[in-house]
Structure formats: C-alpha cells, structure tokens
Amino acid sequence: MNWYSDPAGPSSATPSAGQSPSAPDRPQSPPQPRPGLWKRCLWGGIALWLLTAIVTYTTQNTTLLPTLILLGSFLVPAVFVLWAYERHGRDLGVSLILGCFLTGGILGVLGASVMESYLLHPSVWMFLGVGLIEEAVKLLALMFVLRRHPGVHGMRAGLVLGATVGFGFAAFESAGYAFNAAVTMKGIDLRALLETEVLRGVLAPFGHGLWTAIAGGVLLSFRKPNGRFRLAAPVIGTYLGVAVLHSLWDSMHGIAIWLVARVTDTGLSRALFAQGYIPAPTEEQQHLFTVFSIGGMVVITLVALAWLRSLARGARNAGTDGRPDTRLHTP
C-alpha cells in the first residue's frame, strides 16, 4: 500500500468509497551501515594513509602533514568504534556514538592536560598520577555526554560507550604525539612521524579504549533509572584498578630498565626507573629490556582483556537467568 498521496491525480486526495483513509506518513528510520563496513574503512584508510605518506615524502609538501597526522591518528580508533557499533551498539544510535567519540575524547584530552600540568611533577609516582587523572577525566567526559540520556544504562551500553570515549581520547592524544614527533629543531622529521603513528596505531586497541570500556561498563551498570550516577564501591574499585593498569603500561619502559639493572646486577640504583636509560647498555641488557618491556605490556593487556570478558559474560548471564537485567535500556 502506498502511504504517500499522488499530487498528479485528484482521486489521491480523497479515499474512494469503501476504502479507509490513507495512514499518516511514517518517519523513515535512519540508514544503517552495511555489515562489514569497519573492514572496508580499515583497508581503505590504510591505503589512503600509505598514499599520503608516499606523496608527502616524494613531494616534501608540508601542507600534507595535517592529513597524514589525522589519518594515522584516527584510523584505528575510529575503526574499532565502528566495529563495536556494528556488533553491539546499533540501538545506541549514531549521534550518541559520535558524541562520545568527539566530545568525550576532546573533553578528556583537555581535562587531562590541565590537571596534569598543575598536579603532576617528575617523580617515581608520576605515572600513577597520570593513570588516576586520565581515567577520571574520561569517565567524567562520559558522564557529561550522557547527562541528557538518562535511559542509557547497563553493562553493554557502558562497555560500548566507554570504549568509544577511550578511543576518542586515544585518537586526539595520538595526533598530538605525532605532531611533536614531526616537528624538531632541525625541521620536519617525517620518519619519526610515521614511526609514531604506526606504533600508536598498533597499540591503540589495548590502551585507552580497553581501560575505559571496563570502567564505563561498571559505571553504567550501577546507574539509577532516573539517570543519576552511583559512585558505588565497585565503580570506585574498577576505576582504581584500570588506573593502576594504565600507570603500569605508561611506566613499563622505566620498570623494564630497573628490572634489567637488577637481573644483570650492575649495581645501579633504582633511580634508573625515573631516568629512563642505562648508560652504555650491553647486548644482553638490550635484549632483556625488549623482553621485559614487551612482555610487561602483553601481561597488562591479557589482564585487561580477561577483566573485560568477565564483565561481558556476567552481563549476558544477568540477562538470561532472572537477575536484574544489565543490558541497554532506553526510554
């Protein structure tokens, strides 16, 4: 049946005898992305990034640097957010996903920059402060974006939206690191820029997005039906836990150096942890440093992934065994 009137004929304006009046126009649902869009975005984005890098290197055209930085910094975080949306968050809506990624990411970066500049000073405990501050501002940014969405709560929504804010934070932070790597006292260092983007792109899925997904899931699972956030003991404990994982990740370079000094019995003090280097390292020490630093990051990632999987499994069980549902609720 055609729900729309045909202006070409007068009979379309009034129903014929024995025919009910035509139903009112129904709003069309917004178009949904086709399944697998994240794969096409990933490979297409990689191709564009490589093409931009080649053209920039060949022509030495510095006006392409912003394009190169944005592509390299946002590609992996945006693809993972798109994957999470396709698999677990279609009912959340595109506007909320974009709000968490852009607004949440920007607010998180700005808040972390302000707080770290005033509260942190070089010390052995500086990285713990970084973890506490950055995980706090990301959760605050998530709460700010969701302030007008009181019906969004539950573990699944928290995992998706928390990861989205975390990936937004990672994208804007990576853009800053890439810019700093490119601009040197001797001019533009394109090689350092590309190396920074590749490294941070590879590590992006195991950092901010993963930690904030865990914290966001627990935060929204304790959100009240009226939209108010409850800072219950599990919420605070989860925040402290992911902050510790964050700080261990950031300090793994120094931890690896300190462990190398202890294992090789160099007699050097633990001040190496803060200094960040070993004077004239031997080949054995360089090998051990690689093992400890990469191994430590792998262990941290496995712990975080196991934690995330446990939360997701608990949410699924809660939705099927009669306990209070922890899935997404919308008004």
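From the N terminus on, the protein chain runs through its elements in the order α-α-α-α-α-β-β-α-α-α-α-α-α, which amounts to 11 helices and 2 strands, where helices (H or I, at least four residues) and strands (E, at least two) are DSSP runs numbered from the N terminus. This is a predicted model, in which local features need pLDDT of at least 70, side-chain atom pairs count only at pLDDT 80 or more, and totals for chains, interfaces and linings use all residues. Residues are numbered from 1 along each chain as its sequence is written, and side-chain values use heavy atoms, with hydrogens and water left out.

**Chain as a whole**
- Of the 331 residues in the protein chain, 39% are buried, meaning under 20% relative accessible area with a 1.4 Å probe, protein chains only.
- Among contacts (heavy atoms within 4.5 Å) between residues at least 6 apart in sequence, 73% join residues at least 24 apart.

**Packing of H4 and H5**
- Helix H4 (residues 126-145) packs with helix H5 (residues 155-182) at an angle of about 120°, their axes being 10 Å apart; axes are lines fitted to C-alpha atoms over the stretch in contact, and angles run from 0 to 180 degrees between N-to-C directions.
- On the H4 side the contact is made by Glu134, Val137, Lys138, Ala141 and Leu142, and on the H5 side by Leu161, Gly162, Val165, Gly166, Phe169 and Glu173.

Definitions and conventions: Buried means under 20% relative accessible area, exposed over 50%, partly exposed in between (1.4 Å probe, protein chains only).
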